[in-house]
Amino acid sequence: MRKNLLSIIVIALCVVNVIFSGVLVFAVVPTSMKTNKLMSQVASIVDLELESPDKPNIKVEDIATYNIEEDLTINLKSGEGDNKLHYARLGVSLSLDTTSKDYEALNPTIETNEGVIKEIVSNTFSNYTADGVLTNKEKIKEEVLSELKKYFKSDFIINVSFSNLIVK
C-alpha cells in the first residue's frame, strides 16, 4: 500500500510539473519576448539620439580653420556681492565646412566681418560671471555658434573654439 501511495504522489507531482511548464511556455515566455522587443526598440531609439542631426559627419580634410589674430579681452558680469572687475582673455577660431554650398561665397566675408564676430563673442561672454564662464564654456560655444549662424544666414561655420582662456 505504501508503494501505491508513493506512486500516486510522484504522478501528482509530475502532473503539477507539466501544468507549471505549460503556464511557463504559454504565459511567461511570450510576455518576456514582448518585453525584450520593447527594450530593443528603446535601445535603438537611444542610439539614434546619440547621433545628433545638428552635427553632420565632416571629414577632417574638409574643415578649414579661421583664426582671429588678436586675443580678445572681455569684461565679465559681476557676481552677487562681488565688487571686483573680472575679465576673460581668449583667442577665437572658427571651423568652416569647405563642402558647404555657402563656403565659397561666405569665406571671404569672414575677414571683413571680423569685428562683428568679435562683438558676438564679447556680448555672449559679458552675460556671464567669472565662475559662470568656467562652468558654462560649452554653452557659451553653442550660443556663439548659433549667433554666427544667424548672422551669416548659413551653417558653414561648424564649430567655435576658444584658446588660451584666462578668467580673472
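In which strand does Ser95 lie? Select Ser95 and you will find that this residue lies in strand E3, strands (E, at least two residues) and helices (H or I, at least four) being DSSP runs numbered from the N terminus. The model is predicted, so local features need pLDDT of at least 70 and side-chain atom pairs count only at pLDDT 80 or more, while totals for chains, interfaces and linings use all residues. Residues are numbered from 1 along each chain as its sequence is written, and side-chain values use heavy atoms, with hydrogens and water left out.

Stay with Ser95, which is buried at a relative accessible area of 13%, where buried means under 20% relative accessible area, exposed over 50% and partly exposed in between, with a 1.4 Å probe and protein chains only. Leaving out residues up to four places away in sequence, Ser95 touches Ile63, Ala64, Phe156, Ile157, Ile158 and Asn159, a contact being heavy atoms within 4.5 Å.

Next, select Val92, Leu94, Leu96, Val121, Phe125, Leu148 and Phe162, which touch the most other members of the largest nonpolar core, a set of 30 residues. Such a core consists of buried Ala, Val, Leu, Ile, Met, Phe, Trp, Tyr and Cys residues joined through side-chain atoms within 4.5 Å. Among the elements that each supply at least two residues of this core are strand E3 (87–97), helix H3 (114–125), helix H5 (137–152) and strand E4 (157–167). Centre the view on Val121, which, apart from its neighbours within four places in sequence, is in contact with Leu72, Ile74, Leu90, Val92, Val144 and Phe162.

Now turn to the aromatic rings, where the count comes to three pairs; rings of Phe, Tyr and Trp (its six-membered ring) pair if their centres lie within 6.5 Å, with planes under 30 degrees apart counted as stacked, over 60 as edge-to-face and the rest as tilted. Phe125 and Phe162 have ring centres 5.0 Å apart and planes at 75°, so this pair is edge-to-face. Because Phe125 lies in helix H3 and Phe162 in strand E4, the pair ties together parts that are 37 residues apart in sequence, and both residues are buried.

Move on to Tyr151 and Phe152, an edge-to-face pair at 5.2 Å centre to centre with 85° between the planes. Tyr151 is partly exposed at 37% relative accessibility, whereas Phe152 is buried at 8%.

Finally, select Val29, which is placed in helix H1 (residues 2–50) and counts as partly exposed at 35% relative accessibility.
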